Amino acid sequence: MPSPLNLLPLCQLSAGATARICVINGDDSFAQRLREMGFGEAALVTKISGRTTSLCQVNGTRIALNHDAAMAILVEALPAGVR
Amino acid sequence: MVGNPNCGKTTLFNALTGLRQKVGNYPGVTVEKKIGECYSQHGRPMKIIDLPGAYSLAARSPDEAVLRDVLFGRREDTPQPDRIICVLDAANLERNLYLVHQILDLGRPVIVVLNMMDVAVKTGLRIDTHKLAAALGVVVVACSAIKGEGLVELKLAMSRSDLPLARHRWDVPAPIAPAVAELQASLSDADAQPPLIARAEALLLLTDFESVRIAGSKPLSARTAAVLTTWQQRCAREENNWSGTLIRSRYDAIDTLCGEVLRRTRPQELSGSDRLDAILVHSVWGWLFFGFIMAALFFSIFYLAEYPMNWIDTHIAALSSGIKTMLPPGDLRDLLTDGVIGGVGGIIVFLPQILILFFFVGLLESTGYMARAAFLMDRPMSKVGLHGKSFIPLLGSYACAIPGIMATRTIENAKDRLVTILIAPLMSCSARLPVYLLMIATLLPAAALPATWKAGLMLLMYLLGTLGAFGFAWLFKRTLFKSARPLMIMELPAYQPPRLREIIRQMVERSWLFLKNAGTIILGISIVLWFLTTYPKHPDPQASADAQIAVSFAGQAGHLLEPVIKPLGFDWRIGVGLVTSFAAREVFVSSMGVIFGVQDNAEHALPVRDALRAARWPNGAILFTPLVCFTLMVYYVFAMQCMSTVAVVKRETNSWRWPLFQIAYMTGTAWLVCFAIYQMGRVLGY
């Protein structure tokens, strides 16, 4: 398990970096929908663009999240080249 | 027919039924179920229902709730389908299988369609359809709806009378099982649901406490509702995360399945769409591109449309002059030239521009850029308390507010949806185009100024409407509809080359609608208006046209209205136009054609803009000064002048309250803003 110190909100992940989703905060209905879309814990995301509104690639699809949503998702950044 | 958004359901539906439902490359094209018919291999008719796209049966918005309730047999207007076609985007198998997994629970005959198989193969995916069919216990068909591949196989499967019932190797996770069993028993006893459907519904009810309820669906029986409440309270007390457990269990099953049937011939990497998106939604390049698209739109509306417009204009004028030389002077001749040609002809001139607008909107829709525009707009939208998804209905409203308002059904939050509905008609729709163009033509003499000025003035009107929409969204979100800023999750579909045939078909459809309107409503109003401006006749048959129209019915009514609109610089003749154009905004142009055409008794028919330039106040002052033209355009930016929109808002909000509120706030704003502009303009000496 990664130490909690390495976690950062998805909106702060830099463009082009890949990370693993660790914690989903926010209300239940939001978390449920994210997980249903394959955006659940342990999924790998690659950030494509954006600091306020984020665009991420998960499992071959592009998902856009607004700032509040991207704040609610904590990820662990992976070293470059891991995919 | 069910599936995730953007998996190509509607394309497949059209290919099967020969129907021409609208297809787009953005979520929310199908917001209501659509029914079509096709014939089985044995010639028996089959009804196909195209349901809105959804990621899950746990509905978050009204369009997704339609899907859930139809499948559970809870819609009063739709019987439970006897077979379910699950459409999947083969390039994104895992996520698409989640909805399939939920649907397999129902134990109905299911056909799994792997659509866009060609794209999947190109990205290096190999799917073993035989293994997939064996594992799920259903028929699996690979196809590509756009290319028409695999349709015969699909029709063959649909025609089978011995379709197997879905069965899959998956058990309800242990922690939820007791609750599911009790609720299932209640659902089959008290709600008369078949056992497997009862189990599927129980699973959903227990893991989706915040599900959306819609009108027209059968509610739960009292007994089931009581059982559900008990378990919900217990779940909350014990802080169980049933929904998380269930989703994980389903995804575990899907992962195992994909391990068996899915092979990658090369590692997953960023696709072309991903790389394009890195530029097109970039905070600098993205906006530049967006601006470029908009500029191209406005310029082509002015430059390109000019040639066909002049052509139509000349022919209409020739027709009118021809009739004037052929027929003896009299009421019949006036009815034809002033009423019919003056009214309808004045409108048809704008067809080329409307076609260009729909071409651009079609281009944005079919390539998938629409969703990117929503992404870019998320930040400005968040400043007024809405999220980017609300921008898709607003963008659609540039063409017409009616499909825009329908598209709000994809918005999860009810308050946000209502705010979006309320502001959508402020986006300048295609019906305003003729009004703006007529005013710009009157305001700026054709030869004197380059088209840049005209396009700029037009752009200003569009900006004004958009800013107004944002301003009111901000106001409404702070007063009437206070709610937290919504969290947005939105999928951006893969870019696709524009489907020109689809775009042209839509353009033809829209122009037909436009011409039909011109031939029916606008023709009718023009004739009635001509009658109202011609009768009763002035006692002196030699009276001038001005004197005649002043004593007519329209003149009398207009004079009653004049005190209200005079502070805006409008006279009673403009007032008549404002009233008639409540039916639809473009009627203003035809009304001006009739009113000022009637006044112009010369043998040559003048284009409406020249007739307007010649119009005077009784004291001889010019009526359509640049300031009045500008004020009038601004009036049309804000005023709610569309009966069809009122009807749609009534239907979508299920009450008269919101459409009436909308008329009041929009037209009220229009009056106030025009008053301010006109009075300030006067003070400044314009």
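This text walks through a predicted model, beginning with chain A and moving on to the helices of chain B.

Chain A has 83 residues, and 57% of them are buried. Its fold uses two helices and six strands. Read from the N terminus, the order is β-β-α-β-β-β-α-β. Take the contacts with a separation of 6 or more: 60% of them join residues 24 or more positions apart. The accessible surface of chain A is about 3200 Å². Carbon and sulfur atoms supply 56% of that surface.

One backbone detail in chain A deserves a look. A42(A) is not a glycine, yet its phi is positive, at about 80°. Find A42(A) in the loop that runs between helix 1 (28-36) and strand 3 of chain A. M116(B) is not a glycine either, and its phi is positive at about 55°. M116(B) sits in the loop between strand 5 (110-115) and helix 4 (117-122) of chain B. Its relative accessibility is 18%, so M116(B) counts as buried.

Next, see where the two chains come together. Helix 11 of chain B covers residues 272-280, and S273(B), D274(B), D277(B) and L280(B) are buried in it. Why do they lie on the same side of helix 11 of chain B? Because they cover an arc of only 130° around the axis. What covers these buried residues? The cover includes parts of both chains. From chain A come strand 3 (44-49), strand 4 (54-58) and strand 5 (61-65). From chain B come helix 12 (285-302), helix 16 (369-383) and strand 9 (489-492).

Helix 12 of chain B also packs against another helix. To describe two packed helices, one gives the angle between their axes and the distance between the axes. The axes of helix 12 and helix 15 (residues 351-367) of chain B come within 9 Å and cross at roughly 160°. An angle over 145 degrees counts as roughly antiparallel. Helix 12 and helix 15 of chain B are therefore roughly antiparallel to each other. Their crossing is right-handed. On the helix 12 side, the residues that meet helix 15 are I293(B), A296(B), L297(B), S300(B) and I301(B). Helix 15 of chain B brings Q353(B), I356(B), L357(B), F360(B) and L364(B).

Helix 13 (residues 306-326) and helix 14 (residues 331-348) of chain B form another pair. Their axes are 10 Å apart, and the angle is about 175°. Helix 13 and helix 14 of chain B are therefore roughly antiparallel to each other. Helix 13 of chain B makes the contact through I312(B), I316(B), L319(B), S320(B), I323(B) and K324(B). Helix 14 of chain B answers with R333(B), L336(B), T337(B), D338(B), I341(B), G345(B) and I348(B).

How do helix 19 (residues 414-423) and helix 30 (residues 657-683) of chain B cross? Their axes come within 10 Å and cross at roughly 50°. That angle makes helix 19 of chain B oblique to helix 30 of chain B. The crossing is right-handed. L418(B), I421(B), L422(B) and I423(B) make the contact from helix 19 of chain B. W658(B), F661(B), Q662(B), Y665(B) and M666(B) make it from helix 30 of chain B.

Stay with helix 19 of chain B for D416(B), which lies in it. Is D416(B) buried or exposed? It is buried, with a relative accessible area of 1%. Setting aside neighbours within four places in sequence, D416(B) is in contact with G385(B), L386(B), I411(B), K477(B), S483(B) and P486(B).

Helix 25 (residues 572-580) of chain B is mostly covered. Eight of its nine residues are buried. They are W572(B), R573(B), I574(B), G575(B), V576(B), G577(B), L578(B) and T580(B).

V628(B) belongs to helix 28 (residues 626-638) of chain B. V628(B) is buried, with a relative accessible area of 2%. A final distance gives a sense of scale. V628(B) and R275(B) are 353 residues apart in sequence. In space, they are 49 Å apart from C-alpha to C-alpha.

Methods. Residues numbered from 1 in each chain as written. Chains lettered and ligands numbered in written order. Predicted model: local features only at pLDDT ≥ 70, side-chain atom pairs only at ≥ 80, totals over all residues. Heavy atoms only, no water. Buried < 20%, exposed > 50% of the residue type's maximum accessible area, 1.4 Å probe, protein only. Helix = DSSP H or I, 4+ residues; strand = E, 2+ residues; numbered from the N terminus. Arc of directions from axis to C-beta. Contact = heavy atoms within 4.5 Å. Areas by Shrake-Rupley, 256 points an atom, 1.4 Å probe, with all protein chains shown as cover. Axes fitted to C-alpha atoms, helices over the stretch in contact; angles between N-to-C directions. Parallel < 35°, antiparallel > 145°, perpendicular 65-115°, else oblique. Left-handed = near helix turned anticlockwise from the far one by under 90°.
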